[in-house]
Structure formats: C-alpha cells, structure tokens
Amino acid sequence: MRFGAIGKNAAALVLAAVFVFPVYWMFSSSLKPQSEILSKDPVFFFTPTFDNYTKATNVELFWTYVQNSFIVTVGAVLLALVVALAASFAIARMKFKGRKGLVLAVMMAQMAPWEVMVIVMYLIARDGDMLNSIPLLTAIYFVMVLPFTIWTLRGFIAAVPVELEEAALIDGCNRGQAFFKVIFPLLAPGLMSTSLFGFITAWNEFAMVLILNKDREAQTLTLWLTQFQTAFGSDWGATMAASSLFAVPVLIVFLFLQRRAVGGMTAGAVKG
C-alpha cells in the first residue's frame, strides 16, 4: 500500500510538471533577452531583464486595451449573473408551460460554437451602425456566457432543499425575501464558479473583437497580444511578457473566487 501511494504521488507530480512547465517557460522567457530565447540550446540559468515587459507595456493605447478588456469582461459577467439567477430559479423551482423547451434551448446554446455566428454578428453590427462598439461587445460576451451560467446555477438552486424556502414562506417571507435570505447565501460556490468561467471566457475571446472592432481604441488585450508579430519576425520576448501579463488577472480572479467559494460553502454548512 505504501509503495502504491508513492507511485500515485510520483505520477501526480509528473502530471503536474507537464502542465506547469509551459507556464514556467512562458514566464522565464519573458525575462530573457531575445538572443537567449532563440538560442539553439535551452537556457535555464540567466540574468533576468524586464526590458520585454517595458516593450510590451509601452505599446500605443496599452491602457485603453486594459480598460476595454475589464469593461467588457466584468460587464458581461455581472449581467449574466443577474439574468441567470432569475432564469435558473424559474427553471429549478417553478412549473410552467415550455419549461423543458427552455432547458433544451439553454443546452443547445451552450453547445453551439460561437465562431459560426461571427459573420451574422458582423452584418447585424454593420447594418445597425454598431461596429467598434464596446457596449455591443459586452452584450455579445454576455450572451456567450449566459447559457453556462444558467445551467450551472440551476443545479446549485435545485440542490438547496425546498423545505428551507417553504419554512421561510411560513415565517412570513414572500418568495423574493425567501430567495435572498435563504437560497442566495447558499449559492456562493455556484456564483463563484460561474463567475470564474464567465471571466475566463470573455477575457480570452478573440474572434468577435477581431471582426467587429477594427478601431484600435475599441479593441481589447487579446488583439494587443498579436502586435509583436511583424513582417520581419516575431519579438518572442515581448510576446511572452505580454502573455504573462495577460494571464495575471485570470490568476488573481481564480485565487480570490476560490477562497470566497470555500468560505461560502463553510458559511452555508454552519448556518441554522
């Protein structure tokens, strides 16, 4: 048994190394000069330099890209949470005509590849004079993350015993008060996980902003990442630095939401 546990731990470490190594190589390459990045032999020991980060952040309109990325991402996630809370509660708790059809539509929307809608979205934006629009991009990202948010929150709401809600109604709460005082506090893990997925989806999206927002002042960080490839070659140092910076907000959001999700599960377990 002891050797079996050692073997499993060793296999887990090897698997973790396989996944972590590309991230390490990206970050370490961002601290190397171009000559060492393009060296025939891998360079593991080097003197760090932050010139690549300076070059990456000195790109024209860099802070505009940062602002646009946060506006469309946070806006899409917040809108999706508000709409999904109402929709998932209706699906999980209420009986109404067309309920199964609505669930099926949500599942189909989640499975559909959004890339096939790029041309349709472009034609609608062009005809409606909405190209290079941050609000339109936010609305599109909202629609992209909404199906998964509804489907996930539906499962969390269904897992909350209906008896808790009925007890609140007996104690004098209306349905809205019962939801916000009883069900909502127990949804922290679901809210955190869906927020994280929505943030990653909207933050990483590339095709829509590439087609719809040709104006550089209306672009996001995903297009900033492409500015280090030119006709004369690729600046891999700046590309790796930009990629490292691009991953930082996702890492921060993950660490923050993971801690909150665990706290929410603990709070829900001890209340009452």
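1. Radius of gyration: the chain has 23 Å, whereas a compact globule of 272 residues would be near 19 Å (taken over C-alpha atoms; the globule rule is 2.2 Å times the number of residues to the power 0.38). Along the principal axes, the C-alpha trace spans about 70 × 70 × 30 Å.

2. A word on provenance: this is a predicted model, where local features need pLDDT of at least 70, side-chain atom pairs count only at pLDDT 80 or more, and totals for chains, interfaces and linings use all residues. Numbering runs from 1 along each chain as its sequence is written, and side-chain values use heavy atoms, with hydrogens and water left out.

3. Burial comes to 37% of the 272 residues (under 20% relative accessible area, 1.4 Å probe, protein chains only). Take the contacts (heavy atoms within 4.5 Å) between residues at least 6 apart in sequence: 71% of them join residues at least 24 apart.

4. You'll find 13 helices and two strands in the chain (DSSP runs numbered from the N terminus: H or I of at least four residues, E of at least two).

5. Helix 4 (residues 62-93) packs on helix 10 (residues 188-204) at about 140°, axes 9 Å apart (lines fitted to C-alpha atoms over the stretch in contact, angles from 0 to 180 degrees between N-to-C directions).

6. Who touches whom? On helix 4, S69, F70, T73, V77, L81 and L85 meet L191, T194, S195, G198, F199, A202 and W203 of helix 10. The contact residues split into eight nonpolar, five polar and no charged, with Gly counted as polar.

Conventions. Buried < 20%, exposed > 50% of the residue type's maximum accessible area, 1.4 Å probe, protein only.
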